[in-house]
Every structure is written in C-alpha cells, then in structure tokens.
Amino acid sequence: NQQRRFTTQINIAAPPERVLQFLGDLINLKHLHPLIQNVQRVDAPEGCVRAYKITDLIDFGYSLGSGYTAEVLEETPRRLVTHATPGFGVDLVSEYT
C-alpha cells in the first residue's frame, strides 16, 4: 500500500478565515470542481464536524454517476481538514491553512 503526497500553494486575495469558511462548506465544491454534479449534507459520523454525499459526473461517452462521502474532520479559523474516498483506491485527506 503506497501513499503519495501532493502539496501545492495557492494565494487568494481574501482573509484566510473567509476562504476557509467557504471551503469548509463542501456544498461550495460544485462551484470549483468541474466533475462535481451534486453535493448534499448528510449526518456526520462521530468525530466529524460535518459530512456530505458528493456525486461526480464522469463522462465516458455516457454518464456514470459516482457517489462518495466526504467529511470535514477539523475546522478552525486558520485550519481546515477534510477527508474523502472518491473511489478507485483513492483516500484523499486535504489540509488547508
């Protein structure tokens, strides 16, 4: 089981608290990610701040709806941690600071 790490830095001309508040409501992902078709809030498992059901639209000449759960694990005015398992063996943990 091999883990890979990807790190990037993006500077946004807005107060960090405002950016993290926007990113922390995963419903906003559909405005940022071209494959996300639908996001709806669901009951969060114990230990999570919030949870969402996300449906991606993957086009292989026909539409294939792919649904998965994403959770907000930690949320402070200066740090946001999310987790998603979109399939295909991907376990995605994102940290925003």
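Modeller: Quick ground rule: helices (H or I, at least four residues) and strands (E, at least two) are DSSP runs, numbered from the N terminus.

Biologist: OK, how many helices and strands are in the chain?

Modeller: One helix and five strands, in the order α-β-β-β-β-β along the sequence. This is a predicted model, where local features need pLDDT of at least 70, side-chain atom pairs count only at pLDDT 80 or more, and totals for chains, interfaces and linings use all residues. Residues are numbered from 1 along each chain as its sequence is written, and side-chain values use heavy atoms, with hydrogens and water left out.

Biologist: Which residues have the most contacts inside the largest nonpolar core?

Modeller: Leu 26, Val 39, Tyr 52, Ile 54, Ala 70, Val 72 and Leu 80, in a core of 13 residues. A nonpolar core here is a set of buried Ala, Val, Leu, Ile, Met, Phe, Trp, Tyr and Cys residues joined through side-chain atoms within 4.5 Å; buried means under 20% relative accessible area, exposed over 50%, partly exposed in between (1.4 Å probe, protein chains only).

Biologist: And which elements give two or more residues to it?

Modeller: α1 (16-24), β1 (36-42), β2 (50-59), β3 (63-76) and β4 (79-87).

Biologist: What does Val 39 contact, leaving aside neighbours within four places in sequence?

Modeller: Leu 26, Ile 27, Tyr 52, Lys 53 and Ile 54, with contact meaning heavy atoms within 4.5 Å.

Biologist: Switching to β5: is Ser 94 buried or exposed?

Modeller: Ser 94 sits in strand β5 and counts as buried because its relative accessibility is 16%. Beyond four places in sequence, Ser 94 touches Leu 80, Val 81 and Thr 82.

Biologist: What about Leu 92?

Modeller: Leu 92 belongs to β5 too (residues 90-96), but at 41% it's partly exposed.
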